[in-house]
Amino acid sequence: MTEQTNNGHENLPGRRRKRFAGISSRAYEHPADRSALVALRKLSGFDTVFKALSGLLPERSLRLLFLSDSVRVSDAQFSPLNDMLRDACYILDLEKVPPMYVTQDPKPNAMCIGLDEPIIVVTTGLVELLDEEEMRAVIGHEVGHALSGHAVYRTILLFLTSLAVKVAWIPLGNVAIMAIVTALREWFRKSELSADRAGLLVGQDVQASMRGLMKIAGGNHLHEMNVDAFLAQADEYEKGGDLRDSVLKILNVLPRSHPFTTVRAAELKKWSETRDYQRIMDGHYPKRSEDKDTSVTDSFRESGRHYADTVRGSKDPLMKLVNDIAGGAGDLAGDLGGKLFGRFGGGAGNGTGTGAGTGTGTGTDGTDHGGPAGPGAKGGQGGERPGTDERGGQSEG
């Protein structure tokens with residue numbers, strides 16, 4: 001099915017694509033998704049607990065349902081989809097090709113579920129909507145879910161959502177379950193961004209990924225749609241309106257398992273232009289053999305940095321307000337800290353900058369004669385506004 005070339009790349013159906021041997025899902029996972037997964041994988045007894053849950057979850061029933069009432073993809077049935085599936089597993093180096101089914105449903109959708117072994121399900125609405133390159137990205141998306149281990153948590157989410165409906169009559173029973181469901185949905189929305197990246201690594205065609213998302217939003221009318229205008233919608237959605245609109249955005253997204261389509265398109269386009277994506281395409285990426293050495297602390301730290309950067313760079317009115325409040329609080333803390341240090345540190349003593357380096361004040365006339373402070377600090381006695389001057393300056397003494 002694949003042909004090795006002299007440069008180490010493989011000729012796959014349609015055109016030449018790169019293969020990522022031994023790639024870890026960490027290479028493409030969204031920071032928030034990755035930190036949650038790393039923590040779960042490191043949790044002692046996590047696998048044992050979920051194996052025990054397998055008897056309660058309707059996994060066997062789901063497998064039998066799709067086997068009996070859907071069409072299993074193979075060389076004999078939906079063979080083009082079967083080729084795309086095997087190619088996606090080959091590109092992402094997924095050792096075992098999961099079974100895939102096509103189920104009758106006019107709504108375009110796809111999912112990867114299962115505890116012991118993942119299965120992929122695509123609807124007829126999706127198959128009829130997308131062309132070959134767009135479908136390749138979607139199948140890569142689902143294989144990315146399988147490689148990341150998302151199928152387990154998706155199955156649990158489906159089970160708990162169903163359970164919440166059944167126990168709705170029990171006082172507070174539904175509330176407790178829906179709290180868990182809401183948390184899982186928040187994680188799963190981030191996992192969808194991860195899987196979109198996996199789909200791009202498989203299809204290796206940004207425009208095809210964009211077209212697929214546009215079609216999911218607006219149907220099979222490409223001649224009526226434009227990628228740039230579609231992405232402009234995402235920008236307008238993020239920065240438009242006032243605080244009331246920000247609250248409505250949160251309420252609108254809470255019941256959803258997927259982020260809004262324009263947001264997904266904008267996130268994927270942004271990632272495709274990063275150095276991280278280019279490094280993967282150049283063959284530099286984390287390997288699965290290194291996963292056991294992954295630091296939970298580093299993953300949470302990276303996730304925290306991502307959220308901080310998101311808030312700082314967001315155009316959403318609520319996020320801008322949060323950023324302004326946080327910045328104001330930081331300035332206030334810096335002012336108070338500088339004044340207190342200057343007041344209690346003495347007029348003639350040594351003053352130490354608050355940044356990476358230090359500056360020492362030696363005079364009693366309030367002049368700082370110390371050396372240069374590190375970035376983000378003032379030299380001298382208790383500079384008033386840390387982070388505004390990298391040179392020794394006037395001290396409060």
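The model is predicted, so local features need pLDDT of at least 70 and side-chain atom pairs pLDDT 80 or more, while totals for chains, interfaces and linings use all residues. Residues are numbered from 1 along each chain as its sequence is written, and side-chain values use heavy atoms, leaving out hydrogens and water.

Is Gln-204 buried or exposed? Its relative accessibility is 15%, so Gln-204 counts as buried (under 20% relative accessible area, with a 1.4 Å probe and protein chains only). Show Lys-18 next: the side chain of Gln-204 reaches the backbone oxygen of Lys-18 at 2.9 Å.

Move on to Asp-205. At the start of H9, one of its side-chain oxygens comes to within 3.2 Å of the backbone nitrogen of Gln-207.

Now select H9, residues 206-218. At 1.5 Å a residue, its 13 residues should span 18 Å (1.5 Å times one less than the number of residues), and the end C-alpha atoms are 18 Å apart, which agrees. Buried residues in H9 include Ala-208, Met-210, Leu-213 and Lys-215. Gly-219 follows H9, with a positive phi near 85°.

Finish at Leu-92. Apart from neighbours within four places in sequence, Leu-92 is in contact (heavy atoms within 4.5 Å) with residues including Phe-20, Ile-23, Val-143, Leu-201 and Arg-288.

Definitions and conventions. Helix = DSSP H or I, 4+ residues; strand = E, 2+ residues; numbered from the N terminus. Buried < 20%, exposed > 50% of the residue type's maximum accessible area, 1.4 Å probe, protein only. Polar contact = N/O pair within 3.5 Å; in protein donor to acceptor, adjacent residues only side chain to side chain.
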